[in-house]
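Colleague: Before we start, I would like to learn how to read a model of this kind feature by feature. Could you take me through it?

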Amino acid sequence: MQNITTKIKKSLYLWRRSQVPIQQPNRISKIDNLIIFLICILISVISSYKLLLISPLNISDVISWFFNFTEALISSCILILISKKENPTISSRQIILIITLLLASQASKLAFASTISPLSMIIPPALIISQGMGSITALAWVSIASFIWPDPTVTINNNLFFILLVCASVVSLFGARIRSRAQLLQLSILVPIGSLLSRLILIGKEKIFFVDKQEFVFANGDIFSDSLLLAIVMLFTILFIPIFESIFGLLTKARLLELADKEKPLIRRLSLEAPGTFEHTLLICGLAEEATRIIGGDIDLIKTGALYHDVGKLHAPNWFIENQDGSKNPHDEIDDPVRSAEVLQAHVDEGLKYARKNRLPKPIENFIPEHQGTLKMGYFFHKAKEKKININENDFRYNGPIPQSKETAILMLADGCEAALRAMNINASDNEALETISKIIYSRQKDGQLDDSNLSKGEIFLIKRAFLNVWKRIRHRRIQYPTTKNNTFS
Ligand SMILES: [Fe+2]
Ligand SMILES: [Fe+2]
């Protein structure tokens with residue numbers, strides 16, 4: 001009996017934990033809420049108004065219109081909720097993009113339902129949404145856009161509807177995982193070919209008219225023209241994805257990888273003007289990547305975020321220990337702990353300025369303040385206490401916020417462990433390294449820095465193991481290999 005009660009309590013605890021938002025949701029302004037609401041109303045009107053055009057109109061028609069209208073409105077709201085659940089930091093611009101695409105597909109279905117294939121109206125927007133907002137949002141969008149049909153009298157072939165759902169699901173699932181523009185191009189060619197072949201099998205050959213018709217665009221039902229039109233629309237969509245990225249702040253995998261290019265001006269500047277910080281960044285990338293892989297997080301996001309986390313140090317590189325050559329330390333020269341703490345906080349504030357100036361996406365920008373959280377600048381705090389300056393502990397803490405996601409929390413832990421691991425003796429044992437890592441992580445936990453990150457105890461254990469594995473790699477790299485007499489290597 002006691003066993004069952006414990007199990008119920010445990011399940012209730014896990015359920016409650018799963019309901020805690022991983023990240024604080026973005027606030028949506030009243031004007032944006034109004035715009036979103038108006039677009040939802042417009043979608044509902046487009047999806048249902050035809051029922052009011054039946055003459056003579058009787059009460060049962062009005063009731064069925066009301067049901068259709070409400071159904072479309074509720075579906076739009078469900079779509080917004082799903083997108084918010086999958087992307088807790090989704091911005092109002094991105095929600096507007098999702099429902100505007102729904103509005104556009106409803107409007108085009110209304111205008112061209114009998115002339116253009118539904119494949120070309122549903123699949124390309126699904127690609128944009130899966131790239132920017134993830135598979136679940138894209139799948140939800142596809143199901144809502146496919147089932148709310150503006151004109152109930154228009155019915156499409158069941159087989160075609162099945163092919164549409166399969167192709168759109170494939171695009172939604174793969175679209176979110178695609179890591180390069182070349183793979184996108186492959187998808188936009190393979191999906192139309194797949195739809196062509198499956199229609200040949202399911203619908204039959206009698207509907208092939210190839211492109212000897214002049215109006216192939218409006219030849220709905222022609223298997224070849226439908227697939228060709230789909231391929232063309234998908235290729236155009238790929239061309240426009242970078243524009244969507246910059247207007248709506250979408251963070252696609254391809255954009256993340258582009259930002260992670262070390263030839264980007266900001267990263268190049270970091271390597272030239274703050275070489276020590278650049279080296280620290282590269283080591284952190286290795287630690288954070290390994291830890292994120294082991295807990296199943298977003299590796300591309302953390303790799304890019306780690307690369308930009310300390311760009312703010314560019315405002316005064318020589319004020320940070322990793323860039324000093326040991327001759328002089330500006331902190332010693334000014335001998336003012338309060339001023340030194342301000343310089344440390346400035347690397348976060350200036351980093352945010354660099355991020356905005358270089359138009360870095362919000363999820364990357366979040367790594368800049370969250371990797372420091374509200375950590376105490378212990379060294380300068382103790383110095384101030386020694387000097388008996390009347391101080392408040394909060395003046396020696398970073399402004400935060402504390403990490404709001406698993407990825408930013410991992411970066412904070414990697415940032416803390418990097419210097420300690422680098423400084424460790426080459427002969428240190430694995431246990432000593434693990435002890436050092438555990439001490440640093442425990443101090444962050446005790447300080448409440450991981451409270452909003454949703455990292456579980458099991459994940460923290462795995463992160464420690466991942467850091468240890470990286471340490472073993474570093475140690476291996478530092479071991480001097482014996483060379484042959486004439487100093488050649490095989
Ligand atoms: Fe930092
Ligand atoms: Fe750092």
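Modeller: Start with helix length. The 21 residues of α15, at 1.5 Å a residue, should span 30 Å, and its end C-alpha atoms are 30 Å apart, which agrees. Keep in mind that this is a predicted model.

Colleague: Where does α15 bend, and by about how much?

Modeller: The bend is at A346, and it amounts to about 30°.

Colleague: Which residues of α15 are buried, and what covers them?

Modeller: The buried residues are P337, S340, A341, L344, H347, V348, G351, Y354 and A355. Their cover includes α11 (265-273), α13, α14, α16, α17 and α18.

Colleague: Now α8, residues 181-202. What span should its 22 residues have?

Modeller: At 1.5 Å a residue they should span 32 Å; the end C-alpha atoms of α8 are 31 Å apart, which agrees. In α8 the buried residues are L184, S188, V191, P192, S195 and R199. Viewed down the axis of α8, the buried residues fall within an arc of 85°, so they line one face of the helix.

Colleague: Which exposed residues does the face turned away from the buried side of α8 carry?

Modeller: That face carries A182, I193 and I201.

Colleague: How should I read the nonpolar cores?

Modeller: The general idea is that nonpolar side chains in soluble globular proteins tend to be buried together. In this model the largest nonpolar core has 48 residues, of which A288, I410, L411, A414 and F467 touch the most other members. Two or more residues of this core come from each of α10 (253-259), α12 (275-295), α13 (299-308), α15 (337-357), α17 (367-370), α19 (406-423), α20 (430-446) and α21 (457-478). With eight residues, α19 gives the most to this core.

Colleague: Which residues is A288 in contact with, leaving aside its neighbours within four places in sequence?

Modeller: They are I302, A306, I410, L411 and A414. There is also a second, separate core of 40 residues; I43, I90, W141 and A168 are among them.

Colleague: Are D335 and R359 buried or exposed?

Modeller: D335 has 10 other C-beta atoms within 10 Å, and a residue with 12 or fewer counts as exposed, so D335 is exposed. R359 counts as exposed with 9 C-beta neighbours inside 10 Å.

Colleague: Last point, confidence. What is the mean pLDDT of the chain, and where does pLDDT stay under 50?

Modeller: The mean pLDDT is 83, and 87% of the residues of the chain reach 70 or more. Over residues 208-219 pLDDT stays under 50; for these residues the model has 17 contacts beyond four places in sequence.

Notes
Residues numbered from 1 in each chain as written. Chains lettered and ligands numbered in written order. Predicted model: local features only at pLDDT ≥ 70, side-chain atom pairs only at ≥ 80, totals over all residues. Helix = DSSP H or I, 4+ residues; strand = E, 2+ residues; numbered from the N terminus. Expected span 1.5 Å × (residues − 1). Buried ≥ 20, exposed ≤ 12 C-beta atoms within 10 Å, placed from the backbone. Arc of directions from axis to C-beta. Core = buried A, V, L, I, M, F, W, Y, C linked by C-beta atoms within 7 Å. Contact = placed C-beta atoms within 7 Å. pLDDT = per-residue confidence, 0-100. Bend = angle between axes of the 7 residues up to and from the residue.
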